[in-house]
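Here are a few notes to go with the model, as promised. Have a look at it first, then read the points in order.

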Amino acid sequence: MHLKLKDNNVDELFITRTQEENELVNRINFTYSSHTLSESDTEFCLKFDFTLTSDRGFKFKLIQDFIFECDEPLDENFWNGHFHKINAPAIAYPYLRAFVSTVLLNAGLEAVNLPSVNFVEMAKKMDTANAQ
């Protein structure tokens with residue numbers, strides 16, 4: 001099966017100032033999920049829900065959708081496999097990283113370089129959490 005990033009769009013974007021700067025380090029939290037698109041049996045949406053709470057007195061919240069196209073219909077084997085949990089996030093994440101960095105820099109806030117993510121390990125943790 002071949003997977004191709006077809007499109008992406010921002011659902012929500014918020015930058016808010018917090019009351020005061022603090023001495024905590026930046027806190028990054030994100031999750032992702034995937035679902036089918038009702039109008040297609042070969043496309044699915046990967047949704048990132050990302051939050052950065054900065055030690056410089058602001059909070060950045062982003063929900064971004066990435067639309068992927070497969071060369072085969074999405075069946076039960078696809079949803080039981082790793083493409084939507086590992087491969088698709090690994091393809092989309094660099095675009096999310098670049099978007100976050102660019103928006104923050106252009107907003108006159110801080111330049112943030114998001115860390116690399118091991119999506120194999122993250123998928124294992126998500127599967128464990130969902131099994132409980």
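1. A word on terms before the layout: helices (H or I, at least four residues) and strands (E, at least two) are DSSP runs, numbered from the N terminus. With that in hand, the protein has three helices and four strands, and along the sequence they follow the pattern β-β-β-β-α-α-α.

2. Where does all this come from? This is a predicted model, in which local features need pLDDT of at least 70 and side-chain atom pairs count only at pLDDT 80 or more, while totals for chains, interfaces and linings use all residues. Residues are numbered from 1 along each chain as its sequence is written, and side-chain values use heavy atoms, with hydrogens and water left out.

3. Now the overall picture. The C-alpha atoms fill a box of roughly 50 × 30 × 20 Å, taken along the principal axes. Buried residues make up 35% of the 132 residues; buried means under 20% relative accessible area, exposed over 50%, and partly exposed in between (1.4 Å probe, protein chains only). Counting contacts (heavy atoms within 4.5 Å) with a separation of 6 or more, 70% are between residues 24 or more positions apart.

4. At its start, a side-chain oxygen of Asn118 comes to within 3.0 Å of the backbone nitrogen of Val120.

5. Which residues of helix 3 are buried? They are Phe119, Met122 and Ala123. These cover an arc of only 100° around the axis, which puts them on the same side of helix 3; the arc is that of the directions from the helix axis to the C-beta atoms. As a reminder, an α-helix has 3.6 residues a turn, so residues three or four places apart point the same way. The buried residues of helix 3 pack against strand 2 (27-36), strand 3 (43-53) and helix 2 (83-106). On the other side of helix 3, Lys125 and Ala131 are exposed.

6. Next, find His84 in helix 2. His84 counts as buried because its relative accessibility is 10%. Its side chain makes a polar contact with the side chain of Ser34 at 2.8 Å. (A polar contact is a pair of N or O atoms within 3.5 Å; within protein, one must be able to donate a hydrogen and the other to accept it, and residues adjacent in sequence count only if both atoms are side-chain atoms.) Leaving aside neighbours within four places in sequence, His84 touches Ser34, Phe44, Leu46, Phe78, Trp79 and Pro89.

7. Last, the aromatics. Rings of Phe, Tyr and Trp (its six-membered ring) pair if their centres lie within 6.5 Å; planes under 30 degrees apart count as stacked, over 60 as edge-to-face and the rest as tilted. By this rule there are 13 aromatic pairs. In one of them, the rings of Tyr32 and Phe48 have centres 5.8 Å apart and planes at 45°, so the pair is tilted. Tyr32 lies in strand 2 and Phe48 in strand 3, so the pair ties together parts that are 16 residues apart in sequence. Both Tyr32 and Phe48 are buried. Phe78 and Trp79 form an edge-to-face pair, 4.9 Å centre to centre with 90° between the planes. Phe78 is buried, with a relative accessible area of 3%, and Trp79 is partly exposed at 23%.
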